[in-house]
Amino acid sequence: QGKVVLVTGASRGIGYASALEAARRGAHIIAVGRTVGGLEELDDEIQELGSASTLVPLDISDGDAIDRLGAAIFERWGLLDGLIANAGLLGTLSPLPHIKPQEFENVLRVNVTANFRLVRSLDLLLRQADAGRAVFISSSAAKSARPYWGLYAASKAALDAMIKSYAGEIAQSSVKVNVFYPGAVRTAMRKKAMPGENPETLPTPAEIAPKIVDLIKPSTSENGRLFDIQNNGFSDL
Ligand code: NJP
């Protein structure tokens with residue numbers, strides 16, 4: 001209640017549902033994404049819940065924009081209670097030699113570098129909160145190399161390694177950081193990855209969102225742990 005929570009990739013899918021779930025629990029949502037229509041739709045739904053949001057249309061691969069966002073949050077609230085770092089890019093699933101260097105770099109920029117910029121820009125704000133919490137959305141692809149998934153898998157594995165290191169660095173602080181593996185979820189990204197799959201067999205973002213938002217509750221005592229929805233539990237980072 002009354003917490004300030006930033007969600008990246010809030011314009012659709014898992015991020016949208018997580019933002020809505022956090023708003024339902026009384027948080028003020030800072031909603032980040034490029035698609036203004038999606039953010040506005042989210043804002044309408046949040047208002048219907050009696051909560052409020054601040055919409056931030058930006059491309060998270062713009063590191064300077066992330067720094068400006070951190071400065072603006074500092075100006076207005078002086079702290080950040082929760083971060084759901086969800087925005088991600090699948091990229092083309094194809095043999096590695098066929099991937100264009102520009103696309104390779106773009107996927108790494110969104111899935112890895114942007115999350116580094118978020119950590120860099122928001123670390124102090126999370127420390128200013130009584131119990132700052134951050135969860136980074138990874139993928140089981142990080143743990144299982146499969147043909148054609150090399151670029152996406154590499155980016156999520158890099159994200160995991162980076163966040164595990166960060167979790168160790170802040171272990172003695174009041175901030176807690178986790179990584180979440182959603183498993184297969186009924187979203188646009190999953191449809192692009194598995195076009196032949198029947199989406200009805202998959203959980204919806206709304207079904208997954210409470211598990212993600214639980215990880216930014218102040219009472220969450222686990223630090224530096226992975227929550228793997230497929231294995232339905234925690235393991236150490
Ligand atoms: O993806 P999708 P999901 N700047 O494509 C945003 C992981 N995951 O909800 O900018 C700012 O529906 C984009 O916003 P927009 C996955 O890797 C999923 O399925 O408006 N935002 C949109 O809101 C990802 O990390 C599954 O286009 C940018 C959001 O990201 C997370 O879950 C399985 C952006 C993507 O929405 C959410 O995925 C798994 C940018 N440059 C992991 N680029 C699954 N769905 O099955 C993208 O293991 N976004």
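These legends go with close-up views of helices in a predicted model.

**View 1. Helix α4, end to end, with its kink**. Helix α4 covers residues 101-128. How far apart are the end C-alpha atoms of α4? They sit 40 Å apart, and that agrees with the 40 Å that 28 residues should span at 1.5 Å a residue. Have a look at Leu 122 too: α4 has a kink of about 50° centred there.

**View 2. Helix α4 packing with helix α5**. Here α4 is joined by α5, residues 150-169. Their axes come within 9 Å and cross at roughly 15°. Angles under 35 degrees count as roughly parallel, so that is what we call α4 and α5. As for handedness, the crossing of this pair is right-handed. On the α4 side, the contact is made by Phe 104, Val 107, Leu 108, Asn 111, Val 112, Asn 115, Phe 116 and Val 119. Facing them from α5 are Leu 151, Tyr 152, Ser 155, Lys 156, Ala 158, Leu 159, Met 162 and Tyr 166. Sort the contact of α4 with α5 by class and you get twelve nonpolar, three polar and one charged residues. It's handy to remember that an α-helix has 3.6 residues a turn, so residues three or four places apart point the same way.

**View 3. Helices α1 and α2 side by side**. This one pairs α1 (residues 13-24) with α2 (residues 36-48). The two pack at an angle of about 25°, their axes 10 Å apart, and are therefore roughly parallel to each other. The crossing of α1 past α2 is right-handed. Which residues of α1 meet α2? They are Tyr 16, Ala 19, Leu 20 and Ala 23, and they meet Gly 38, Leu 42, Glu 45 and Ile 46 in α2. By class, that's six nonpolar, one polar and one charged residues.

**View 4. Helix α1 again, now with helix α7**. The partner this time is α7, residues 205-214. The axes of α1 and α7 come within 8 Å and cross at roughly 60°, which makes α1 oblique to α7. Helix α1 passes α7 in a right-handed crossing. From α1, the residues involved are Gly 13, Ile 14, Tyr 16, Ala 17, Ser 18, Leu 20, Glu 21 and Ala 22. They meet Pro 205, Ala 206, Ile 208, Ala 209, Pro 210, Ile 212 and Val 213 in α7. The class tally for α1 with α7 comes to twelve nonpolar, two polar and one charged residues. Tyr 16 and Leu 20 of α1 turn up in the contacts with both α2 and α7.

Terms used: Residues numbered from 1 in each chain as written. Predicted model: local features only at pLDDT ≥ 70, side-chain atom pairs only at ≥ 80, totals over all residues. Helix = DSSP H or I, 4+ residues; strand = E, 2+ residues; numbered from the N terminus. Expected span 1.5 Å × (residues − 1). Bend = angle between axes of the 7 residues up to and from the residue. Axes fitted to C-alpha atoms, helices over the stretch in contact; angles between N-to-C directions. Parallel < 35°, antiparallel > 145°, perpendicular 65-115°, else oblique. Left-handed = near helix turned anticlockwise from the far one by under 90°. Contact = placed C-beta atoms within 7 Å. Nonpolar A, V, L, I, M, F, W, Y, C, P; charged D, E, K, R; others polar.
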